[in-house]
Amino acid sequence: MERRRAPRGITRRPAWTRRPRSSRWRGWRSRPTVNDPNTYFTPLRMSRPFSPGAGGGGGGGSPVTPTLLHSQVGAADASNNIVTSSVSPVSNKVVYIGVVHAFGATPGDNVLAASGCGLTWERVGEVVELGAGNRRKLGVFRALGTATPGAITITGCDSFQEYMVAVVQWNNASTAGTNGSDATGTPVENAGSGNLSLTIPGTPGANDATFSFFMCEDGVTLTPDADWASLYFNDAGTDMGFTVDWDAGKEQNPTCGISAGGSAGIGFIVKAA
């Protein structure tokens, strides 16, 4: 059999570069180049684009889930402080404090602040309900870092007035940013009288969740949104009621049923890693 030769001016590829005729592998292709003794190869083609798990609630990772670490009801001390018993956050997990505190006839310009457990607590939101008589303020703080067990102190209160505190830690929340900033979506605040709704801004990712805090005056019926899971609920306080809830389904319009009196709420998205 006569041996075929490559046309003049074209270098025949070495045998090891040739694709067998029976091969169906399309990822590795080669072809000769004119007047060039070398051959080159096109890169291996992937059947679908690579898509790593994205931060901020993207397709990768696990859904965020909350754990109630601590709750407490009491009265502020003579120094206008709320001091909890010992709390044990896990290091490098995002933690939130929700606090409701009753003041005298007016909360004035007092600004709540939190410290403790070796963490830096930053304010997420603060809102005053619109009821008459003793007024109540709802505040939310966030933190993330190396934690140590200990008390949490909230300052800027009114001495001997009632408070309710709930401390919630989130698993699988984003640890980017500072003190839980990347895990915390844009908060919304609202205050009114009776039933209260929130419209939580932003677009939740696949593994995100929505998180809300509602409070009411004392002596009224407090009914959390039926589609949300309750982390803390107490409507039997001397001066207030308080509910902390979350929704894995990422509903952004929670409504809290409040039979009468002043009410306030804060809500936001908790973003996954």
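**Salt bridges in a predicted model**

Glutamate 129 and arginine 136 pair up through their side chains in a salt bridge, 2.8 Å from N to O; the term covers a side-chain nitrogen of Lys or Arg within 4 Å of a carboxyl oxygen of Asp or Glu. The structure has five salt bridges. This is a predicted model, with pLDDT of at least 70 needed for local features and 80 or more for side-chain atom pairs, while totals for chains, interfaces and linings use all residues. Residues are numbered from 1 along each chain as its sequence is written, and side-chain values use heavy atoms, leaving out hydrogens and water.

**Glutamate 129 and arginine 136**
- Glutamate 129 is buried at 0% relative accessibility (buried is under 20% relative accessible area, exposed over 50%, partly exposed in between, using a 1.4 Å probe and protein chains only).
- Arginine 136 is buried too, at 2%.

**Glutamate 122 and arginine 142**
- In this salt bridge, the closest N and O atoms sit 3.3 Å apart.
- The pair ties together distant parts of the chain, 20 residues apart: glutamate 122 is in strand E7 (residues 122-128) and arginine 142 in strand E8 (residues 136-143). Strands here are DSSP runs of at least two residues, numbered from the N terminus.
- Glutamate 122 is partly exposed at 27% relative accessible area, whereas arginine 142 is buried at 12%.

- Glutamate 126 and arginine 123 form a salt bridge at 3.2 Å, N to O.
- Glutamate 126 counts as buried at 19%, while arginine 123 is partly exposed at 40%.
- Salt bridges link Arg123, Glu126 and Lys137 into a network.

Methods: Helix = DSSP H or I, 4+ residues; strand = E, 2+ residues; numbered from the N terminus.
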